[in-house]
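Student: I am new to this structure and would like to go through it with you. Could you bring it up first?

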Amino acid sequence: MVNIGCHLSAAKGYEHMGKEALDIGANTFAFFTRNPRGGKAKAIDEEDARRLRLLLEEHNFGKLVAHAPYTLNPCSKDEKVRNFAYIAMSEDMERMEYTPGNYYNFHPGSHVGQGVEKGIEMIAGLLNRILTPRQSTIVLLETMAGKGSEIGGKFEELAAIIDKVEQKDKIGVCMDTCHISDGGYDIIHDLDGVLEEFDRVVGLSKLRAVHINDSLNPVGSHKDRHAKIGEGHLGTETIVKVITHPKLKHLPFILETPNELPGYAAEIRMLRKAAEK
Ligand SMILES: [Zn+2]
């Protein structure tokens with residue numbers, strides 16, 4: 001069975017997310033480790049986290065894909081912003097151990113005019129400060145749309161970051177279908193070719209999760225505007241090809257479409273049905 005889910009709110013606790021996932025037919029999910037716009041994280045209730053771990057095991061969930069706050073920019077010009085990235089990510093690595101063995105996804109960052117090379121240097125530098133051989137979490141770099149000075153819009157940039165990371169077994173990639181299409185990778189007409197290119201540049205063994213989103217804009221637009229599945233340029237057919245592709249189908253698929261829970265439930269139902277055909 002394909003592992004599919006969506007972003008859920010952690011506001012009502014960890015076990016609550018697990019129950020909500022079950023309610024909407026999900027067997028994986030994403031959640032923000034703290035307020036997505038930044039700020040201090042709420043303490044984790046150990047008993048609540050334990051109940052979630054039991055629920056995940058009992059219902060055979062796939063890997064979870066936690067998400068770092070959007071405001072985190074390890075390659076900002078501003079030292080305060082870079083410092084927040086370090087503090088938030090190192091705290092999050094500890095927090096993730098309450099749900100061990102899962103993924104933690106982040107947007108690599110924007111170099112804001114300092115240049116791609118410098119940006120890559122700073123991102124890898126941060127990862128080398130926070131990743132330890134003891135942690136059970138794998139940190140994922142998200143593929144980006146290449147908007148503004150965003151790093152990660154090209155597979156080569158992700159490969160260059162990974163190349164500089166010391167703890168190679170603690171780092172992976174999360175592919176976002178909207179972002180890679182916006183970044184210029186034509187998964188509508190040549191998904192196989194794009195995956196071959198990813199394999200050549202980064203290595204498919206590094207690919208650990210997929211964000212499944214339709215895109216409001218055509219391939220190469222560098223916009224990053226998510227659409228509901230079937231309401232964008234990618235279309236349902238492309239997304240179904242992604243979740244059933246022999247090289248991808250074992251991965252956790254996370255919806256980040258503009259939906260409330262009933263909309264997510266409907267997309268999950270539709271995609272499961274399509275994947276079984
Ligand atoms: Zn995404």
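Student: Is aspartate 224 buried or exposed?

Tutor: Aspartate 224 counts as buried because its relative accessibility is 16%; buried means under 20% relative accessible area, exposed over 50%, and partly exposed in between, with a 1.4 Å probe and protein chains only. This is a predicted model, in which local features need pLDDT of at least 70 and side-chain atom pairs count only at pLDDT 80 or more, while totals for chains, interfaces and linings use all residues. Residues are numbered from 1 along each chain as its sequence is written, and side-chain values use heavy atoms, with hydrogens and water left out.

Student: Where does aspartate 224 lie?

Tutor: Aspartate 224 is in the loop between strand 8 (214–215) and strand 9 (226–227). Helices (H or I, at least four residues) and strands (E, at least two) are DSSP runs, numbered from the N terminus. The phi of aspartate 224 is near 65 degrees, a positive value in a residue other than glycine.

Student: Changing topic, which residues coordinate the zinc ion?

Tutor: The zinc ion is coordinated by Glu142 (OE), Asp176 (OD), His211 (ND1) and Glu256 (OE), at 2.0 to 2.2 Å. Donors are N, O and S atoms within 2.8 Å of the metal (3.2 Å for Na, K and Ca); water is not among the atoms, so sites may look incomplete. Along the sequence, the spacing of the donor residues is E-x33-D-x34-H-x44-E. Aspartate 176 in strand 6 (residues 171–176) and glutamate 256 in the loop between strand 10 (252–255) and helix 9 (261–276) are 80 residues apart, a pair that links distant parts of the chain.

Student: Are those two, aspartate 176 and glutamate 256, buried or exposed?

Tutor: Aspartate 176 is buried, because its relative accessibility is 0%. Glutamate 256 is buried too, with a relative accessible area of 10%.

Student: Why is the arrangement around the zinc ion irregular?

Tutor: The arrangement is irregular because the four donor atoms subtend angles of 86 to 176 degrees. Four donors count as tetrahedral if all angles lie between 85 and 135 degrees; four count as square planar and six as octahedral if opposite donors are over 155 degrees apart and all others between 65 and 115; anything else is irregular.

Student: And strand 1: how many of its residues are buried?

Tutor: Six of the six residues of strand 1 are buried. Strand 1 pairs with strand 10 in the parallel sense over four bridges; two strands pair if DSSP finds at least two bridges between them. Within strand 10, phenylalanine 253 stands opposite isoleucine 4.

Student: How many bridges join strand 1 and strand 2?

Tutor: Strand 1 and strand 2 (residues 30–31) are paired over two bridges, in the parallel sense. Leucine 8 has phenylalanine 31 in strand 2 as its bridge partner.

Student: Last topic: how do the residues lining the largest pocket divide?

Tutor: Nine are nonpolar, 11 polar and five charged. Ala, Val, Leu, Ile, Met, Phe, Trp, Tyr, Cys and Pro count as nonpolar, Asp, Glu, Lys and Arg as charged, and the others, Gly among them, as polar.
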